[in-house]
Amino acid sequence: MSLQKLSYLLCAALAIAIGLLLSGCSNSDSDLDSEVRSKRIAVVVSTLNNPWFVVLAETARDKAIELGYEATIFDSQNDPAKESVHFDNLIASGYGAVLFNCTDAEGSIANVRRAKQAGIPVFCMDREIAANDVATSQILSDNYSGCVALGEYFIEVVGEEGEYAELLGIIADTNTWNRSKGFHSVVDRFPGLKMVAQQSAEFDRAKALEVLESILQANPNIDAVFCGNDAMAMGAYQALLAAGKADSVKVFGFDGADDVVKSIADGKIVATGMQFPKRMATTSAESAHAYLGGKRDFEQRTLVPVELVTKENVSNFGDFGRK
Amino acid sequence: MIKGSASSSILNSDYARWSGLVVMIAILWLLLPPFKVVSLDEQGHIPKDVEEVVFDASAYVELFWSESLAPHMSEASDLQGLSQTVLADLSAAKEKYGNQRAEGAAVYFFAKGEGIVRELEGRRATLDVDGVLVNLLIFPPVFGNTVRDSTGLLDVNDFPGLEEFNAVSAALNKKVENDIMPFLKERAQVGTNISFVGCGKAPRSLGEGPALEFIPLRTEVIK
């Protein structure tokens with residue numbers, strides 16, 4: 001190939017590259033103001049390995065379908081890398097909106113930003129991302145308040161003296177810390193109550209069983225366990241059953257999962273905080289529908305109240321909500 | 001000679017094209033650099049581009065209290081009217097006097113008035129407000145979001161995130177414990193007439209005992 005031809009080819013390649021670069025730097029606002037791109041909505045959920053998230057995802061999908069969209073659930077399997085691939089696919093496939101339950105409050109920001117730059121609005125459900133200028137809105141549980149109420153009930157039931165353990169959720173999830181801080185804002189005010197162990201079981205039932213088994217070996221005399229979600233509460237309860245301590249150690253969870261609500265009614269697990277996954281999912285789908293219909297003014301964060309579920313009021317709750 | 005002229009003009013033309021290409025690449029590199037070179041700091045870390053602004057909840061609360069909350073205390077509901085209405089019709093009281101952030105959320109009252117201390121028990125003083133008994137919390141601890149949410153002055157979207165919003169709640173509670181309650185602790189006695197501005201959560205239903213409990217935000221002993 002002659003030098004002349006080579007130089008022409010290189011110039012052409014450079015021109016194409018410049019063109020591609022410039023087309024990628026579009027004004028995100030004008031993209032978002034563009035007409036409806038698609039009648040397809042993506043539901044990207046952190047995991048389907050937990051019934052609570054299954055309810056969240058399926059409710060979001062079903063509501064989107066009811067509103068006239070095609071909706072697909074994408075399971076990130078608690079893996080930020082998988083979540084990123086889902087966003088690659090849904091951006092490339094031209095989805096019109098994303099109902100999103102993130103894997104990582106910080107790490108997921110980049111995915112939401114990419115969607116925004118592609119003109120796809122993102123509505124966060126349940127889990128917060130740590131940015132105010134990328135998601136169109138975030139529908140979140142008021143976990144802190146819920147765990148303040150749980151903490152007050154903990155004092156009532158366990159008393160002002162004793163030893164307890166705490167099982168934390170996924171460290172990168174702000175919900176883990178909102179719940180823990182809410183709980184500790186109450187319980188730490190009672191110096192007679194001593195936290196003998198605090199460990200992450202990653203919101204996972206099997207992991208919680210394992211973690212509590214080893215906590216019990218080092219601390220056989222605990223009076224209570226506070227678990228950052230209901231899956232862990234069930235795992236903790238199983239560990240206590242196996243150790244013959246289910247009657248002496250009080251278990252507290254958070255989520256409002258059906259199995260824990262039944263367990264509370266049976267006098268096993270003591271209490272949980274009912275989040276309302278169906279409410280959050282429905283609101284997110286409706287927000288996406290409103291956005292695609294032209295609405296643009298959304299509150300960045302909306303807090304959905306959490307209600308304390310105890311043996312006294314458990315008959316009011318079931319199926320991931322109020323009866 | 002003709003051959004020599006032709007080859008040198010081809011060479012010149014090629015030279016111009018290649019030079020042009022190099023110049024274009026250089027311009028692109030300057031405008032859209034593919035990477036950035038930064039020096040590591042003394043600890044061997046990559047320095048942050050922007051200094052992280054750490055939210056100081058205590059400082060925020062001090063400013064909020066003096067500039068927003070204190071002036072707003074004159075807008076508090078009348079305690080006597082609120083108490084009477086609660087006893088007569090709790091739902092009507094919530095409707096008329098309550099602050100609720102969202103559907104399903106707790107309803108809060110923000111009220112001012114005075115009452116005579118009838119009883120001191122534990123962390124509470126029971127006040128007689130024109131025949132209606134209400135509780136006033138006079139000792140720590142203060143829990144929850146009552147102080148933050150009762151006035152309607154603070155909204156989650158005014159903050160960088162939930163963590164900061166919740167930190168403000170804790171800081172407000174601490175301020176009440178440190179700056180307001182010590183006054184009451186020293187002066188509240190049975191028979192004392194106390195004037196206060198306070199906030200409280202509306203009960204779900206009325207039971208035995210005082211219908212309302214308030215966290216004090218400002219207090220004064222009248223006699």
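**Ser169(B)**

Leaving aside neighbours within four places in sequence, I find Ser169(B) in contact (heavy atoms within 4.5 Å) with Tyr144(A), Gly144(B), Asn145(B) and Arg148(B). With Asn145(B) there is also a side-chain polar contact of 2.5 Å. By polar contact I mean N or O atoms within 3.5 Å; within protein, one must be able to donate a hydrogen and the other to accept it, and residues adjacent in sequence count only if both atoms are side-chain atoms. Ser169(B) sits in helix α6, residues 162-187 of chain B. Helices are DSSP runs of H or I with at least four residues, strands are runs of E with at least two, and both are numbered from the N terminus. Is Ser169(B) buried or exposed? It counts as buried, because its relative accessibility is 1%. The cut-offs are under 20% relative accessible area for buried, over 50% for exposed, and partly exposed in between (1.4 Å probe, protein chains only).

**Ground rules, noted once**

Residues are numbered from 1 along each chain as its sequence is written, and chains are lettered from A and ligands numbered from 1 in the order in which they are written. The model is predicted, so local features need pLDDT of at least 70, side-chain atom pairs count only at pLDDT 80 or more, and totals for chains, interfaces and linings use all residues, while side-chain values use heavy atoms, with hydrogens and water left out.

**Chain B overall**

I looked up the secondary structure of chain B and got six helices and seven strands. Along the sequence the pattern runs α-α-β-α-α-β-β-β-β-α-α-β-β. Of its 223 residues, 39% count as buried. For contacts in chain B with a separation of 6 or more, 67% come from residues 24 or more positions apart.

**Aromatic pairs**

Next I went for the rings. I get 18 aromatic pairs over all chains. Rings of Phe, Tyr and Trp (its six-membered ring) pair if their centres lie within 6.5 Å; planes under 30 degrees apart are stacked, over 60 edge-to-face, and the rest tilted. Tyr164(A) and Phe183(A) make an edge-to-face pair, 5.8 Å centre to centre with 75° between the planes. This pair links distant parts of the chain, with Tyr164(A) in strand β6 (162-168) and Phe183(A) in helix α7 (174-187), 19 residues apart. Both Tyr164(A) and Phe183(A) are buried. Which chains does the tilted pair of Phe190(A) and Phe143(B) come from? One ring is from chain A and the other from chain B, at 6.1 Å and 40°. Phe190(A) is in the loop between α7 and β7 (193-200) of chain A and Phe143(B) in the loop between β5 (132-137) and α5 (146-149) of chain B, so the pair joins two chains. Phe190(A) and Phe143(B) are both buried. I also noted one aromatic cluster of Phe154(A), Tyr164(A), Phe183(A), Phe226(A) and Phe252(A).

The peptide bond from Pro140(B) to Pro141(B) is cis, omega near 5°, and Pro141(B) lies in the loop between β5 and α5 of chain B. Asn78(A) has a positive phi, near 60°, and I find it in the loop between β2 (70-75) and α4 (80-92) of chain A. Asn78(A) counts as partly exposed because its relative accessibility is 35%. Phe203(A) has a positive phi near 65° in the loop between β7 and α8 (205-218). Phe203(A) is buried, at 8% relative accessibility.
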